[in-house]
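Please open the model in a viewer and display it as a cartoon.

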Amino acid sequence: MHADVGDTLLVHGRTVGHHDRTAEVLEVLGQNGNPPYRVRFTDDGHEALMAPGPDTVVRHHGEPLK
């Protein structure tokens with residue numbers, strides 16, 4: 001996985017009743033755009049360190065939504 005500051009991570013809900021969440025990448029702590037990332041979740045403003053799993057998609061800054 002590769003992300004840059006300003007990209008958005010879309011984290012799909014893993015179980016029934018859990019909604020998808022989006023988070024903005026604030027800081028890339030790994031080398032060459034690799035995790036972990038410091039992110040801010042858009043739904044509640046919570047900041048966290050995140051090493052995304054296979055349920056996460058990167059939407060690069062400026063990329064049109066599909």
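In β3, which residue is the bridge partner of Glu27? It is Arg38.

Before the next selection, some conventions are needed. This is a predicted model, in which local features need pLDDT of at least 70 and side-chain atom pairs count only at pLDDT 80 or more, while totals for chains, interfaces and linings use all residues. Residues are numbered from 1 along each chain as its sequence is written, and side-chain values use heavy atoms, with hydrogens and water left out.

**The whole chain**

Select the entire chain. Its secondary structure comes to 0 helices and 5 strands; helices (H or I, at least four residues) and strands (E, at least two) are DSSP runs, numbered from the N terminus. The C-alpha trace spans about 35 × 25 × 25 Å along its principal axes. For 66 residues, a compact globule would have a radius of gyration near 11 Å, and the chain agrees, with 11 Å. That radius is taken over C-alpha atoms, and the globule rule is 2.2 Å times the number of residues to the power 0.38. Buried residues account for 29% of the 66, where buried means under 20% relative accessible area, exposed over 50%, and partly exposed in between (1.4 Å probe, protein chains only).

**The sheet**

Colour the strands next. The 5 strands form an open sheet in the order β4-β3-β2-β1-β5, with antiparallel pairing; two strands pair if DSSP finds at least two bridges between them. β4 (47-50) and β5 (56-59) stand at the edges with a single partner strand each, so one side of each is left without a neighbour in the sheet.

**β3 and its partners**

Select residues 37-41, which are strand β3. This strand is joined to β2 (residues 21-28) by 5 bridges; besides the pair already visited, Val28 has Tyr37 as its bridge partner. Towards β4 there are 4 bridges, again antiparallel, and Arg38 stands opposite Leu49. Show the side chains of β3: Tyr37, Val39 and Phe41 form its covered face, whereas Arg38 and Arg40 form the uncovered one. Then follow the chain into the hairpin of β3 and β4, which has 5 residues between the strands. In its turn, Gly45 has a positive phi of about 75°.

**The loop between β2 and β3**

Move to Asn32, in the loop between β2 and β3. Its phi is near 55°, a positive value in a residue other than glycine. Is Asn32 buried or exposed? At 66% relative accessibility, Asn32 counts as exposed. Pro36 has its place in the loop between β2 and β3 as well. The peptide bond from Pro35 to Pro36 is cis, with omega near 10°.

**The other edge**

Select β5 together with β1 (residues 8-11); the two pair in the antiparallel sense over 4 bridges. In β5, Arg59 is the bridge partner of Thr8. The covered face of β5 consists of Thr56 and Val58, and the uncovered one of Val57 and Arg59.

**The largest pocket**

Finally, select Val11, His12, Arg14, Arg21 and Asp55, which are the closest to the centre of the largest pocket among the 14 residues that line it. The lining divides into 5 nonpolar, 6 polar and 3 charged residues. Here Ala, Val, Leu, Ile, Met, Phe, Trp, Tyr, Cys and Pro count as nonpolar, Asp, Glu, Lys and Arg as charged, and the others, Gly among them, as polar. On a 1 Å grid over the protein atoms alone, a pocket is an open set of points where a 1.4 Å probe fits, with protein on both sides within 12 Å along at least five of seven lines; lining residues have an atom within 4 Å of a point.
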